[in-house]
Amino acid sequence: MPSLSLRIELDPEGRIGPGKIELLEQIAAQGSISAAGRAMAMSYRRAWELVEELNTLFGKPVVERQTGGRNGGGARVTDLGQALIMRFRAVEQAATAAASEHLAALQAEIDRPTDS
């Protein structure tokens, strides 16, 4: 079945898409930027760059690093980050629902035997 992949362009030059949202979800689940990156087969550096991009875009932290502790530091997704995940997934779900009839029609075209 065809599916949608959503990317939201934000002013002035930022954008969010499924990769950044998955990274935030992984950070929330793993409690660590490096563990989230590993779960996505992404380097720590790349994961950190994406987090910094989001923090800069929104002008406040979407992810906060936590320092120290017996097991070292970690990271947590802020309330803003959680809202970003929720809103992106809601828009994604609404877009998929709105397009479902058209996606089904595309699949029907794919499944239709050719006239040979």
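In this predicted model, Gln107 touches Met1 and Pro2, leaving aside residues up to four places away in sequence. Gln107 is found in helix α4, and with a relative accessible area of 17% it counts as buried, because buried means under 20% relative accessible area.

The largest nonpolar core has 21 residues, and those with the most contacts inside it are Leu23, Leu24, Ile27, Ile33, Val63 and Leu84.

In soluble globular proteins, nonpolar side chains tend to be buried together. Val63, when residues up to four places away in sequence are not counted, touches Leu24, Ile27, Ile33, Val51, Asn55, Ala75, Arg76, Val77 and Thr78.

Helix α3 can be followed in more detail. At 1.5 Å a residue, its 15 residues should span 21 Å, and this agrees with the end C-alpha atoms of α3, which are 21 Å apart. Which residues of α3 are buried? They are Ala47, Leu50, Val51, Leu54 and Asn55, and, seen down the axis of the helix, the buried residues fall within an arc of 135 degrees, so they line one face of α3. These buried residues pack against β2 (14–16), α1, α2, β3 (63–66) and α4, whereas the face of α3 turned away from the buried side carries the exposed residues Arg45 and Thr56. Just after α3, Gly59 takes a positive phi of about 75 degrees.

Definitions and conventions. Residues are numbered from 1 along each chain as its sequence is written. This is a predicted model: local features need pLDDT of at least 70, side-chain atom pairs count only at pLDDT 80 or more; totals for chains, interfaces and linings use all residues. Side-chain values use heavy atoms; hydrogens and water are left out. A nonpolar core is a set of buried Ala, Val, Leu, Ile, Met, Phe, Trp, Tyr and Cys residues joined through side-chain atoms within 4.5 Å. Buried means under 20% relative accessible area, exposed over 50%, partly exposed in between (1.4 Å probe, protein chains only). Contact means heavy atoms within 4.5 Å. Helices (H or I, at least four residues) and strands (E, at least two) are DSSP runs, numbered from the N terminus. The expected span of a helix is 1.5 Å times one less than its number of residues. The arc is that of the directions from the helix axis to the C-beta atoms.
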